[in-house]
Amino acid sequence: MQEADPHALAALTMALATRDGVLDTLASSTNLPPLLLLAGDLDPQLPAIQRTAARIRGARLAELADCGHFDTFARSNLTLPVVRPFLERVPFR
């Protein structure tokens, strides 16, 4: 993120804010694989992520302590201990 073009990040932010959501489709789907959502407890988007997890059948939300939005991508020391056990329980076909 630190090396990213700030204009590209601004364009991405604008595009994400105006895109059609997939939440309704996911919430009404009956044949979804297990879903793990990661969010930092300091993430300003946490309430929206919590609502998303609550609406999608079988979704699991892991809230990472003392993390913001991008920490869930950058702090593998916190995410891997959550993701690895989740993936170990997922039946792959």
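Accessible areas here come from the Shrake-Rupley method with a 1.4 Å probe. With that settled, I looked up the total for this predicted model: the protein exposes about 7100 Å², and carbon and sulfur atoms supply 57% of that area.

**Entry: overall layout.** I went through the elements next and found five helices and two strands. Reading from the N terminus, I get the order α-α-β-α-β-α-α. The chain has 93 residues, and 20% of them count as buried. I also checked the contacts with a separation of 6 or more: 59% of them join residues 24 or more positions apart.

**Entry: threonine 79.** I picked this residue in helix H5, which covers residues 76-89. Buried or exposed, I wondered about threonine 79? Its relative accessibility is 7%, so threonine 79 counts as buried, the cut-off being under 20%. Then I asked myself which residues threonine 79 is in contact with, leaving aside its neighbours within four places in sequence. My list reads Leu38, Leu64, Asp71 and Thr72.

**Entry: aromatics.** I searched for ring pairs, and the structure holds one. Phenylalanine 70 and phenylalanine 73 make up that pair, at 6.4 Å centre to centre with 45° between the planes. I noted it as tilted, because stacked needs planes under 30 degrees apart and edge-to-face needs over 60.

Phenylalanine 70 has 46% relative accessibility, so I put it down as partly exposed. Phenylalanine 73 comes out at 63% and therefore counts as exposed, since the line for that is drawn at over 50%.

How values were computed: Residues are numbered from 1 along each chain as its sequence is written. This is a predicted model: local features need pLDDT of at least 70, side-chain atom pairs count only at pLDDT 80 or more; totals for chains, interfaces and linings use all residues. Side-chain values use heavy atoms; hydrogens and water are left out. Helices (H or I, at least four residues) and strands (E, at least two) are DSSP runs, numbered from the N terminus. Buried means under 20% relative accessible area, exposed over 50%, partly exposed in between (1.4 Å probe, protein chains only). Contact means heavy atoms within 4.5 Å. Rings of Phe, Tyr and Trp (its six-membered ring) pair if their centres lie within 6.5 Å; planes under 30 degrees apart count as stacked, over 60 as edge-to-face and the rest as tilted.
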